[in-house]
Amino acid sequence: MIFIENEGHTNPRLNLALEEYALRNFTSQSDYLLFYINEPSIIIGRNQNTLEEINHDYIEKNNIHVVRRISGGGAVYHDYGNLNFSFITNHDSTSLNNFKKFTEPVISALSKIGVEAELKGRNDILVNDKKISGTAQFSTGKRMISHGTLLFDTNLEEVANALQVKMSKIVSKGHKSVRSRVANISEFIERPLKIEEFRALLLSSLYKERETFETYHLTPDEWKAVYSLKEEKYDSWDWNYGRSPKFNIQRTKRFPVGEIDVRMLVEKGYLTELKIFGDFFGKEPLENIEKLLVGVKYDKETISNKLNGIKIEEYFGDISKSEFIALLYGTDESDN
């Protein structure tokens, strides 16, 4: 395991660029760990509709960054009290969506400083039934990222102020509000710690769990490439916000894998625009399905035939093709 030193950078666009650069360019002969702390920001999941996830006026007024990440899942709030971790490893099918594998070393490290945490639900780490961490994954097919947040001393009021959390998510988790279901790790530690001390303790614990562990500092040329990726991708409006589609039909449903929100423009019986949003985790880019279905007749049989050969679970997780088609029509799966 090699620890990548981010040199104390707190710009979320730069840190996400660093993470992606390491994923795509560092040798596959090693596993990597990256820690970073971001300035106040909202990090949007790859498949989400940004404008519907954020409190835009509040964000503008308070100069909060809005940045899209390459992994799926939901939007999260970061600030100087939030420590982010990222494991970069080779892809294998048993590891994708196996959040337990990558959260276990973090949970073990937390235990050593007196915080008894556990993985619950789809991808959350909880202490006393309060969420202290959410995790997400992304795979290129050869390499993968498993990353997450650790709420250490975050301003939890800002989570509710900056995010527009959908009622369906709150209801599905059985809680009345965002604030009631999250907590800071600092609340469960006996002696006060600064986040830098927490980071050092966590890293020390992770080092002890592995026989070999080294620290890597990027070269000037590598940092130049990271900055280029930041400017070309993570600084761009198109990546962070994207185009809001025209639509006259919207279908939304929360599955065990997460919420899937489909927007369609149907004109003269044909799908002329299609955009899929959600906080699910999938391996393949949704653009494949969107492009495949645009221009076809808005008809169950036609769409079903068009989707032949498509492995729906690689785009959304564990849902069937019939469930997806039922969602497009707002019907029960049994009606198909």
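Leaving aside neighbours within four places in sequence, P12 makes contact with N38, E39, S41, I43, H65 and V67. The model described here is predicted.

- P12 belongs to helix α1, which covers residues 12-25.
- With a relative accessible area of 0%, P12 is buried, because the limit for that class is under 20%.
- P12 and F138 are 126 residues apart along the chain, and their C-alpha atoms are separated by 18 Å.
- E7 is located in the loop between β1 (2-4) and α1.
- Although E7 is not a glycine, its phi is positive, at about 60 degrees.
- The relative accessibility of E7 is 38%, so this residue counts as partly exposed.

**The second largest pocket**

- The second largest pocket holds about 380 Å³ of space.
- Its lining consists of 20 residues, and those that lie nearest the centre of the pocket are R46, R68, W239, K275 and E287.
- Sorted by class, the lining of this pocket comprises 8 charged, 7 nonpolar and 5 polar residues.
- At least two lining residues come from each of α9 (237-240), β14 (270-278) and α10 (287-293).
- Strand β14 provides the largest share of the lining, namely 3 residues.

- Strand β12 (residues 249-255) pairs with β13 in the antiparallel sense, over 7 bridges.
- The hairpin that joins β12 to β13 passes through 2 residues.
- F255 has G258, in β13, as its bridge partner.
- Strand β13 (residues 258-267) also pairs with β14; this pairing is antiparallel and extends over 8 bridges.
- K268 is located in the loop between β13 and β14, and its phi is near 55 degrees, a positive value in a residue other than glycine.
- K268 has a relative accessibility of 84% and therefore counts as exposed.

**Nonpolar cores**

- The largest nonpolar core contains 30 residues, and L33, F35, L110, L150 and I185 have the most contacts inside it.
- Each of the following elements supplies at least two residues of this core: β2 (32-37), β6 (82-90), α4 (99-112), β8 (124-127), β10 (143-151) and α7 (195-208).
- Another core, of 27 residues, lies apart from the largest one; I260, L293, Y315 and F324 are among its residues.
- Which residues does I185 contact, leaving aside its neighbours within four places in sequence? They are L110, V115, I132, L150, L151, F152 and F198.

- I319 is placed in the loop between α12 (313-316) and α13 (321-329).
- Is I319 buried or exposed? I319 is buried, because its relative accessible area is 5% and the class requires a value under 20%.
- Not counting residues up to four places away in sequence, I319 touches F255, V257, I260, I312, E313 and F324.
- Two of these contacts, I260 and F324, are also among the residues of the core of 27 residues.
- The C-alpha atoms of I319 and F255 are separated by 8.0 Å, and the two residues are 64 residues apart along the chain.
- E301 is part of helix α11 (residues 300-306).
- The relative accessible area of E301 is 57%, so E301 is exposed, a class that requires a value over 50%.
- Between the C-alpha atoms of E301 and I325 the separation is 9.5 Å, with the two residues 24 residues apart along the chain.

Key. Residues numbered from 1 in each chain as written. Predicted model: local features only at pLDDT ≥ 70, side-chain atom pairs only at ≥ 80, totals over all residues. Heavy atoms only, no water. 1 Å grid on protein atoms, 1.4 Å probe; cavity = no way out; pocket = protein on both sides within 12 Å on 5 of 7 lines; lining within 4 Å. Points joined across faces, edges and corners; volume = space filled by probe spheres on them. Helix = DSSP H or I, 4+ residues; strand = E, 2+ residues; numbered from the N terminus. Nonpolar A, V, L, I, M, F, W, Y, C, P; charged D, E, K, R; others polar. Pairing = 2+ DSSP bridges. Core = buried A, V, L, I, M, F, W, Y, C linked by side-chain atoms within 4.5 Å. Buried < 20%, exposed > 50% of the residue type's maximum accessible area, 1.4 Å probe, protein only. Contact = heavy atoms within 4.5 Å.
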